[in-house]
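Please keep the sequence and the structure in view while reading.

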Amino acid sequence: MAEPRYLQADCTFRPGTHTVRVTLARSALRVEVEAHGTADLWRGEFDAAFIEDLTRKTGNFKQFGIFCSMLESALMQSSESVSLELLTYSDLETLRSRKVGTTARPPPSSSSPLSTKRYLILVYSVEFDRIHYPLPLPYAGRPDLATLVRELREELARLRARRLEEVGWEGTGGLLAAGKGVCQMHCEPFSPALQLAEAKASEQRLQLRVKSLTAELASCRRGRRPSASTAPCPQKQRSTSVESHRSSLGRSSQRSPSPAGSRLPRFDPTAFVRARQRRQKEAELRK
């Protein structure tokens, strides 16, 4: 992995829907989990030595690069042999006791940091066994709106740059691959077209999230939230003004009746026809 890779996906765990963000570097791994309902954050950073030691303790050793590939496949749901789970400390202790056949330890007190910690479990299912790789994630609180908007905008800029790079690669390398055969393009699990579609979907989700968070941040800075019920409808305002104008005209006409001398003369159709015929005769005589 020459450059850090950023991955994000929404996952449904037992506590509810969470957003999982993973940053993969050459020798480091960063994992962040955010709860949709409460915006609580759990975050952890792990180096290659920690990951390899963790896999060694489970009895199924994996190199750092292999572990990152498995985590990416589980996050993107591109393989049935790997999946993700989110557990508390008590859940993890229950899982360990069932596997070993011992009694689970009592749950930690509410003041203990273990009670707020979460564990992102990478589950590797083989033919006759399931291996669990737990990644401990300490509680990181709730994000500041201004910081979150800034990070999301930076993330959106990275995704746009990634899209431009992939579109450029598709225009050159894709043509070469097409000359070698269509089957080769369809057999690759991570084709450029698939990565481009994922980047577009992620960009759309981020744009919506940046827009909503920016509006919420502006509302918080004003000290109140905008209420749609307090602002009258423009159409209703126009109708109200028209009705008030009509009523004012009616009142003015009742208060100040027009005098008899200012009335217009009545229309005489006979005189109108005679005058019209006279004008026609005068026109014929002039011709």
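Glutamine 77 is found in the loop between H2 and S5; helices (H or I, at least four residues) and strands (E, at least two) are DSSP runs, numbered from the N terminus. The model is predicted, so local features need pLDDT of at least 70 and side-chain atom pairs count only at pLDDT 80 or more, while totals for chains, interfaces and linings use all residues. Residues are numbered from 1 along each chain as its sequence is written, and side-chain values use heavy atoms, with hydrogens and water left out.

Most residues other than glycine have a negative phi. Glutamine 77 has a phi near 55°, a positive value in a residue other than glycine. Its position is just after H2. With a relative accessible area of 67%, glutamine 77 is exposed. Here buried means under 20% relative accessible area, exposed means over 50%, and partly exposed lies in between (1.4 Å probe, protein chains only).

Alanine 39 also has a positive phi, near 65°. This residue lies in the loop between S3 and strand S4 (41-47). Alanine 39 is partly exposed, because its relative accessible area is 26%.

**Helix H2**

Helix H2 covers residues 64-76, which makes 13 residues. The expected span of a helix is 1.5 Å times one less than its number of residues. For H2 this gives 18 Å, and the end C-alpha atoms are 18 Å apart, so the two values agree.

Which residues of H2 are buried? They are Phe64, Phe67, Cys68, Met70, Leu71, Glu72, Ser73, Ala74 and Leu75. An α-helix has 3.6 residues a turn, so residues three or four places apart point the same way.

**The chain as a whole**

The chain has 9 helices and 8 strands. Of its 287 residues, 30% are buried. Contact means heavy atoms within 4.5 Å. Among contacts with a separation of 6 or more, 55% are between residues 24 or more positions apart.

**Strand pairing**

Two strands pair if DSSP finds at least two bridges between them.

| Strand pair | Direction | Bridges |
|---|---|---|
| S1 (residues 5-13) and S2 (residues 16-24) | antiparallel | 9 bridges |
| S2 and S3 (residues 28-35) | antiparallel | 7 bridges |
| S5 (residues 82-88) and S6 | antiparallel | 7 bridges |
| S6 and S7 (residues 130-137) | antiparallel | 8 bridges |

S1 is joined to S2 by a hairpin through 2 residues, and phenylalanine 13 stands opposite glycine 16 in S2. From S2 the chain passes to S3 by a hairpin of 3 residues. Threonine 23 has arginine 30 in S3 as its bridge partner.

Further along, S6 (residues 118-125) pairs with S5 and with S7. Glutamate 85 stands opposite isoleucine 121 in S6. Tyrosine 124 has isoleucine 131 in S7 as its bridge partner. The hairpin from S6 to S7 runs through 4 residues. How many residues of S6 are buried? The count is 7 of its 8 residues, and the strand is mostly covered.

**Aromatic rings**

A pair of aromatic rings is described by the distance of the centres and the angle of the planes. Rings of Phe, Tyr and Trp (its six-membered ring) pair if their centres lie within 6.5 Å; planes under 30 degrees apart count as stacked, over 60 as edge-to-face and the rest as tilted. The structure holds 3 aromatic pairs. One of them joins phenylalanine 46 and phenylalanine 50, whose ring centres are 5.3 Å apart with planes at 20°, so this pair is stacked. Phenylalanine 46 is buried, at a relative accessible area of 6%, whereas phenylalanine 50 is partly exposed, at 36%.

A ring can also have a charge over it: NZ of Lys or CZ of Arg must be within 6 Å of the ring centre and within 35 degrees of the ring normal. The charged end of arginine 158 sits over the ring of tyrosine 6, 5.5 Å from the ring centre.

**Cysteines**

How many disulfides does the structure hold? The number is 0, where a disulfide is a pair of cysteine sulfur atoms within 2.5 Å. Cysteine 11 counts as buried because its relative accessibility is 9%. Cysteine 68 is buried as well, with a relative accessible area of 1%, and belongs to the buried residues of H2.
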